[in-house]
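Here are my notes on the model. Please read them with the coordinates open.

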Amino acid sequence: MTVTRFAPSPTGYMHIGNLRTALYSYLIAKHDDGNFILRIEDTDRERLVEGATDVIKSTLAITGLNYDEGPEVGGEHGPYVQSERKAIYMEYAKKLVDMGYAYYCFCTKERLEELHSEDATGGYDRHCRNLSKEEIEKNLASGIPFVIRQKMPLEGTTSYVDSVFGEISMNNSELQDQILMKADGYPTYNFAHVIDDYLMGVTHVVRGSEYLTSTPKYVLLYDAFGWERPNYVHLPLLMGKNEDGSVSKLSKRHGAVSFQDLVRDGYLPEAIINYIALLGWCPKQSETEFFTLDELKTLFTIDGVSKSPAVFDFEKLLWFNGEYIHKLDDEKFYELSKEFIKTSIPANINKDRMLTLLKTRVSKLSELDEKMEFFINLPEYEKELFFNKKNKISDLGVVKTVLEAALEVLSDTNSFDNDTLFNSLMPLSEKLGMKTGAIMWCVRIAVSGMAATPGGATEIMEVIGKDETLSRIGKALAKL
RNA sequence: GGCUCGUUGGUCAAGCGGCUAAGACAUCAGCCUCUCACGCUGAAAACAUGGGUUCGAUUCCCGUACGAGUCACCA
C-alpha cells in the first residue's frame, strides 16, 4: 500500500510551498487509495511556536487534505509528534553506534565554531571518529555532553533513484559526518525522519528538492539498518519574482505567501489548491485547468511532476480565484462576503442585489468593500464626467434635459426593480431622440458618480432605492 | 568556492527523433453591451549557447553560459 506523509515543523504559519508539498503527498497516497499521515517534526526545541500545530491542522482541514493517521486522530504507528518519540531515536542511534555506523562526539560547540570560521568548506574534522572505547566510556561516565554522528564512508559513491529527478549520485567524500542526536537528547531532522518514515511504513518520501543532495546520507542510514529504501519524490521549488526581475525561493518578501495570508486576502481555498496543484505538475491530457480535489486524486501521477522550479504567479492565482468566485452560487457568496464587508450597509441598500452585481466583478473577496463604496456614499465628481465620446455627449444641456426627464419619470415609478426601471426609462429614448445608451449613460453617471460601475444604471437604481436615486439625480442637476 | 539539479513565449506549461512547437494567465485589437466586468473572436510572443550522434534534433551525448539548491547540535 502507498503511504505518504506530510511532516512539517511547527513554525506558526503554513507556507504555500509547504502546502503544495502536503497536497502532492496527499495526492500520491490517495491516487492509490493509500494512507496519508501527518507527523509533527518539533525536534528543534528552541524554535517552537505556540499554537503552530493548530495552524497546520486547520489548514489541512480547510483544504480537505484529511490524514488517516496523525496527532489526535491516532493510528497504529503513533505517537505522531516527534517530541513524544524521543526515546525511540536514542535507541536506534545506539544501535547504529554498536554496528559501527555512528559514533559519540564530545567536541564542544566552541571548537566547531572555530572549525567553521577557519575553513567554511571543510566541515567537521571527524575529531572524535576514532576515539578509543576507554576514552568514550570515561567521557560518558563523567557526564560530558555528547552528540552522536553518522560515520560516513570515506570513499566511493552513494546513489539513489529519485522518482522525479532520476539517479542522483554523490561522492561519499562530500558527505559530512552529520549529527544524528543532539546534545539535548533530541534527534536532528536528518535522523528522526528516517527512523519515523521507516517505522510508520512510509513508501514515498515527498518533499522539496532542497533535500536532493542530502538524501544520499539518509539512504546510507536505511542501508546501515538493512531497511528497504523508500521511493523518493523531490519536488521542484516554488520561486518568487523579485522587483529587479530575478527570482529566488518564494518567501515573505514576495508578498502574502502563507495560506492564512491568502485566505485573509479573500482567496478561496479551492482556488488556491487548484492553482498550486498546477505549479510543478501537469495532468497527462486535459482540456481544462479546473480541478476539484477529487479529480486531482484520480489524475495525479508522479511522472507529471516537473523538474524545473516554478515561479509563483499571483496574477494567475487571482484569475483562478475570480473564476471560482463567479461560479459560487449567490447564497454561498453572500455567506463568504460577510467576513470581508467592514462597511455597514444602510437600510435603503438592497444588499442581495448589490452583492449579485459585485459577484462577477471581484477577483478576491477583499475587493468587496472598495467596490461597493459608491452604492453607499455618492462619490465627489466633476460634471465633465458626463461627457462621453461614444454616446456623443458633449453638451451638458443635453444631460440636463435627460436627467430632468428621468427625474420626472422615476418619481412616478413605484416599483424599483430592474425591469420596471428599464421599461420606464426606455420611452425617453424616442421622446428625446437619443439612443438608449446615451440616456442610460447620463442616468448612470448621476446615480453613481463614477465612470465605470458594476452593473448598469437601472441595476444601480434598484440597489440604492427610489429615495436615494431621486436625491442623486437632484444633486447632479444642481451641478449642471 | 565544492557538489547536485535545472534551462520551451513575461509567467505556468504540453512535447518524450520528423509537428505550421499545444493550451492557460498576462498583454494588445475587435465583437457583444445600459458604463465596467463576464463572454466570444483574433494578434503578438519561446525551444539559452557551441559542438557532436543521426538521413533528420526542442527532444539523445559533451562543453559553455545563466539560474537555483545545498554544504548547521534548522528543518
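1. Domains. Chain A is divided into domain 1 (84–235), domain 2 (240–331) and domain 3 (378–479); the bounds come from an automatic or database domain assignment. The centres of domain 2 and domain 3, taken over C-alpha atoms, are separated by 42 Å.

2. Basis. This is a predicted model, in which local features need pLDDT of at least 70, side-chain atom pairs count only at pLDDT 80 or more, and totals for chains, interfaces and linings use all residues. Residues are numbered from 1 along each chain as its sequence is written, while chains are lettered from A and ligands numbered from 1 in the order in which they are written.

3. The surface near RNA strand B. There are 64 residues around RNA strand B, and Glu41, Ala183, Tyr189, Ser308 and Gly456 come nearest; a residue is near a strand if its C-beta atom, placed from the backbone, lies within 6 Å of it. By class, the residues of this surface are 25 nonpolar, 23 polar and 16 charged. Here Ala, Val, Leu, Ile, Met, Phe, Trp, Tyr, Cys and Pro count as nonpolar, Asp, Glu, Lys and Arg as charged, and the others, Gly among them, as polar.

4. Elements facing the RNA. Elements that each supply at least two residues of the surface near RNA strand B include α4 (109–118), β6 (166–171), α11 (314–327), α16 and α18. Which helix gives the most to this surface? It is α17, with five residues. Helices (H or I, at least four residues) and strands (E, at least two) are DSSP runs, numbered from the N terminus.

5. α16 and α18. Helix α16 (residues 418–432) packs with helix α18 (residues 457–479) at an angle of about 130°, the axes being 9 Å apart. That makes α16 oblique to α18. Axes are lines fitted to C-alpha atoms, for helices over the stretch in contact, and angles run from 0 to 180 degrees between N-to-C directions. Angles under 35 degrees count as roughly parallel, over 145 as roughly antiparallel, 65 to 115 as roughly perpendicular and the rest as oblique.

6. The α16 contact. The crossing of α16 with α18 is right-handed; a crossing is left-handed if the near helix is turned anticlockwise from the far one by less than a right angle, and right-handed if clockwise. Asn418, Leu421, Phe422 and Leu425 of α16 make the contact with Thr458, Glu459, Met461 and Glu462 of α18. Two residues are in contact if their C-beta atoms, placed from the backbone, lie within 7 Å. The classes here are four nonpolar, two polar and two charged residues.

7. α15 and α18. Helix α15 (residues 396–411) packs with α18 at about 155°, with the axes 10 Å apart. The two helices, α15 and α18, are therefore roughly antiparallel to each other, and α15 passes α18 in a left-handed crossing. Residues in this contact include Leu403, Leu407 and Leu410 of α15 and Leu470, Ile473 and Leu477 of α18. By class it has eight nonpolar, two polar and two charged residues.

8. α13 and α18. Helix α13 (residues 351–359) packs with α18 at about 145°, with the axes 8 Å apart, in a left-handed crossing. Arg353, Met354 and Leu357 of α13 meet Glu459, Glu462 and Val463 of α18. This contact has three nonpolar, no polar and three charged residues.

9. Backbone points to check. Gly78 and Pro79 are joined by a cis peptide bond, with omega about -10°. Pro79 lies in the loop between α2 (52–63) and α3 (86–99). Glu72 is also in the loop between α2 and α3, and its phi is near 75°, a positive value in a residue other than glycine.
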